[in-house]
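Dear colleague,

Please find below the structure that I am handing over to you, together with its sequence. My findings follow directly after it.

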Amino acid sequence: MLKEGQIRIPSGCAIAAIIDRKGGLINGSEIIKSISLMHDRSNGLGGGFAAYGIYPEHKDEYAFHIFFENKEAHQKCEEFLFKHFNIDVAERIPTKKVASISNGPDIWRYFGRVNRVRMKNSRLDEGEYVVQCVTKINAAYDGAYIFSSGKNMGCFKAVGYPEDVGEFYMLDQYNAYLWTAHGRFPTNTPGWWGGAHPFNILDWSIVHNGEISSYDANRRYIEQFGYKCTMQTDTEVITYLFDHLIRHHGLPANVAADVLTAPEWDEIDRMDKEKKEYFTNLRAIYSGALVNGPFSVILGSNKGLLAINDRLKLRSLTAATKGDRAYFASEESAIRIICPDPEKVWSVSGADPVFVPLETPEKEDD
Amino acid sequence: MVNYIPRRFTVVRDRELCIDCGCCVRQCSNECHYFSDDGKTALVKSDNCVACHRCVDLCPTGALRIEKYICDYRDNANWTPQYQQEICRQAETGGVLLSGMGTPKPYPIYWDKILLNASQVTNPSIDPLREPMEIRTILGRKPEKITVEKKGKSTVEMPPQVIIETPIMFSAMSFGSISLNAQKSLAMAAKSLGTLFNTGEGGLHPDLADYTDCAIVQVASGRFGVHKDYLNNSRFVEIKIGQGAKPGIGGHLPGEKVNVEVSNARMIPEGSDAISPAPHHDIYSIEDLRQLIWSIKQATDNKKPVSVKIAAVHNVAAIASGCARAGADIIAIDGFRGGTGAAPTRIRDNVGIPIELALAAADQRLRDEGIRSRISLVAAGSFRCSADIVKAIALGADACYCASAPLIAMGCHMCQTCNTGKCNWGIATQRPELTKRLNPDIMHERVENLINAWNHEIKEIMGGMGINSIDSLRGNRLMLRGLGLSEKELEILGIKHAGE
Amino acid sequence: MKIVYAKEELCLNCRLCEVYCKTAHSKTKDVLKANKYENPAPVSRITVYGDKMLSAAVNCRHCDNPKCVQACITGAMTKDRKTGVVSVNEDKCIGCMTCLAVCPFGCIKTGKFAVKCDLCQGEDEPACVKNCPNRALVYVDLGGAR
């Protein structure tokens with residue numbers, strides 16, 4: 001059977017997220033509790049989490065989480081990493097034996113900074129340099145797969161139900177100001193660890209529920225700009241779209257969200273002149289980045305959280321707030337189990353992306 | 001004179017049904033019907049019949065039938081009757097064989113070997129009756145990125161854009177090659193449909209002054225009718241480099257078609273042959289094209305996008321890329337099955353490549369160069385139904401040019417004798433007794449109905465795919481699967497085989 | 001009132017209006033029988049004059065002050081006050097054809113009695129208008145500009 005990257009795999013899913021706007025820390029057990037309530041929305045073929053603020057002691061270093069399928073891949077990948085980065089720490093990610101999770105790869109993490117000499121020679125800015133190194137390993141190093149490459153954040157994913165994945169990685173040992181979680185129901189896959197969500201590049205992580213019908217239009221759009229959609233999943237392409245719009249085009253996250261879920265022409269035609277011009281230009285320039293079909297997406301970053309829903313509201317996504325915290329989940333019950341008395345609960349609408357900025361964003365260093 | 005060529009068709013008149021009303025006699029410009037001397041009995045003489053069906057369609061009692069004239073030759077798979085007949089015709093005339101409309105040869109039609117996708121279970125199909133289904137298309141050069149002051153306020157300076165409400169536009173057909181009534185019907189339909197018609201290289205007749213906001217004006221190698229007002233009375237300007245039916249060949253409108261109206265619109269003397277040279281004599285290379293594009297932009301104060309129309313030839317992808325880099329905002333590619341008012345038969349049937357392959361190659365090339373999203377790509381060259389259009393858009397076209405289909409809606413029966421100027425349906429002729437047969441008040445409605453029907457079908461197909469905006473169909477090749485195609489064909493089309 | 005108005009610039013000279021007028025005013029209302037077999041043959045109330053370059057169908061104008069009505073010696077030819085339609089009462093008509101002689105448009109035809117356009121009373125649209133393939137005949141109210 002073909003795995004992600006060899007064939008396009010659409011999938012349905014459950015997603016959940018929690019953010020503390022003031023940067024207060026939340027224990028991993030909470031997000032596990034939330035996502036595990038939606039057990040039936042996944043089928044045991046993938047689960048994962050993204051956590052922000054978990055590596056304060058290494059906050060200025062890139063944290064690479066890597067799956068190795070064999071010794072040779074491990075060795076070759078390390079060679080590459082040590083050449084292109086100044087690695088401070090190389091260690092196995094601690095895991096616990098869980099009955100339902102087996103046959104996994106060797107899972108390592110590395111903390112390090114870019115090799116400035118090589119970066120300068122490559123004439124790339126730092127973000128682009130890191131992205132290209134990650135892309136290179138994932139595309140060309142068979143058996144090695146970098147599934148997390150941000151700073152002071154990390155993704156944890158595996159083949160299994162999300163609650164088992166959380167236990168496997170012992171996420172109750174981590175505290176983060178922003179958690180996202182995902183339970184996967186792929187419609188055609190043998191279940192590959194790299195294929196689980198969240199999907200990550202630099203500080204961006206994405207969990208996604210749905211199957212986008214615009215996939216190939218989006219893929220062929222984004223591949224114009226040097227991206228290679230090696231995974232052939234919706235999540236990958238959405239991540240790249242955000243990365244391109246935000247990092248290359250310098251758009252604010254909420255403008256990038258408008259690109260992906262632009263309002264319908266009917267609606268645009270009724271807007272005032274300024275907004276009409278804004279959306280018409282957006283749709284004219286970024287027609288290839290419009291995402292179509294049912295989806296709900298939560299984009300995590302060190303600047304905050306963005307939740308978007310498809311234009312026709314074909315997928316469920318509920319939001320709630322209480323105090324400094326905002327909660328998101330595919331089902332309202334998954335919010336109420338960890339926050340029984342929210343102040344405000346609403347269904348995220350297609351035309352109105354929800355952006356929850358972190359009010360004390362981590363200092364960026366380039 | 002004996003001409004060694006049997007006739008093509010036999011007109012059969014059923015005497016039991018014929019009421020001798022003489023409608024056929026008065027309608028056939030090829031004089032296939034006539035009255036007996038007493039004026040009471042209608043008779044037939046099939047020699048000149050082209051199977052245009054004018055008599056058949058108007059006969060009130062259905063008394064007429066057209067049959068292929070069967071006259072067997074000794075079997076020969078190589079020397080087919082057609083080649084023998086063409087040799088005889090050339091032996092008689094010593095001339096280049098001419099034909100009208102697109103090639104009838106049985107080359108592969110890839111549209112018929114590509115199948116579309118639909119949603120099942122994992123992704124809901126969308127009901128176009130319930131949900132908005134968007135087919136609005138925006139043509140023109142796009143900036144690399146938007147710049148915003150904040151969410152909701154754009155600060156980017158947009159080059160001129162052309163919004164059309166359907167991805168279907170009417171391809172270039174000049175006044176001269178078709179009648180003013182035919183062109184006016186297309187203009188009226190374009191206006192009401194929110195799309196565009198194309199003047200071809202025939203200038204803009206003053207009667208069409210009300211339709212300049214839905215006109216594409218063409219600048220071709222003959223520069224007929226081109227002046228500053230002509231360029232500015234348009235939505236966009238198209239430089240015609242080539243035509244799918246006759247790549248590398250110019251045009252020739254015989255003097256007898258250049259009546260006073262045509263002569264005025266084209267700005268040439270009445271009765272003189274209108275000859276469009278094979279190349280533009282000021283474009284001998286890509287840098288010359290750039291100069292012409294910029295001249296047109298100057299003449300139009302940078303308010304009109306400039307399109308470059310090229311024929312689909314072997315190196316089409318590289319040529320398209322060159323045009324984009326020379327400043328073309330829109331690139332139109334015309335496949336070799338595209339129609340024509342008159343083309344040398346040998347050129348029409350042997351030069352160029354199919355639009356499917358040309359479009360796929362050009363779209364991919366522009367993407368490989370990272371410039372596909374900056375310009376618009378228009379496909380032309382025989383779209384027979386809405387599914388062809390959907391497939392073209394999924395291969396990568398922004399919009400499609402259609403000409404033969406609207407002509408058929410107006411009565412064309414593909415008799416392929418446009419070049420004779422005796423079109424019984426009043427389309428490809430300038431004879432007043434024939435052109436008046438085409439009433440724009442009727443024909444614009446028929447063309448509108450056709451395109452509206454196609455729009456509905458496109459929306460229906462998109463809904464089935466779970467797509468509610470044509471933006472998400474464009475270049476979405478995963479929605480296509482090939483059937484019975486070779487690895488190489490699939491590779492060029494960039495699609496998978498059915499079942500994969 | 002509405003009358004049949006011919007646009008000569010659109011007339012194809014196909015004369016299908018005549019065929020369908022005959023059919024509409026036949027016993028059988030069947031195009032084949034009416035035009036081939038009925039005896040007496042129905043008479044077309046509309047006639048196309050001209051040739052392929054220029055032609056036009058002509059039929060009764062239903063004049064405001066019809067000469068045919070004034071000239072009728074039996075009172076068979078009348079103009080309906082309400083509808084404005086000029087028609088022949090076959091019970092009264094003796095076939096003297098005075099009407100034919102005075103009609104300035106030549107729109108009275110001869111049959112057993114005087115025969116003329118009745119605008120296909122009872123139908124939405126006269127048969128000639130309905131069947132004109134090029135909309136060269138229109139059924140319109142031209143007001144004073146008849």
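In this predicted model, 17 residues of chain B are in contact with 17 residues of chain C. The largest share, 3 residues, comes from H1(B). By residue type, the side of chain B that touches chain C consists of 8 nonpolar, 4 polar and 5 charged residues.

Turning to the other chain pairs, 2 pairs of chains touch, and the one with the most contacts is that between chains A and B. Chain A and chain C, by contrast, are joined by no contact; their closest C-alpha atoms lie 37 Å apart.

As to chain B itself, its secondary structure comprises 15 helices and 23 strands. The C-alpha trace of chain B spans about 85 × 55 × 45 Å along its principal axes. The radius of gyration of chain B is 24 Å, which agrees with a compact globule, because a globule of 500 residues would have a value near 23 Å.

Two further figures describe the packing of chain B. Of its 500 residues, 53% are buried. Among the contacts in chain B with a separation of 6 or more, 68% are between residues 24 or more positions apart.

With kind regards

Note on methods:
Residues are numbered from 1 along each chain as its sequence is written. Chains are lettered from A and ligands numbered from 1 in the order in which they are written. This is a predicted model: local features need pLDDT of at least 70, side-chain atom pairs count only at pLDDT 80 or more; totals for chains, interfaces and linings use all residues. Helices (H or I, at least four residues) and strands (E, at least two) are DSSP runs, numbered from the N terminus. The radius of gyration is taken over C-alpha atoms; the globule rule is 2.2 Å times the number of residues to the power 0.38. A residue is buried if 20 or more other C-beta atoms lie within 10 Å of its own, exposed if 12 or fewer, and partly exposed in between; C-beta atoms are placed from the backbone. Two residues are in contact if their C-beta atoms, placed from the backbone, lie within 7 Å. Ala, Val, Leu, Ile, Met, Phe, Trp, Tyr, Cys and Pro count as nonpolar, Asp, Glu, Lys and Arg as charged, and the others, Gly among them, as polar.
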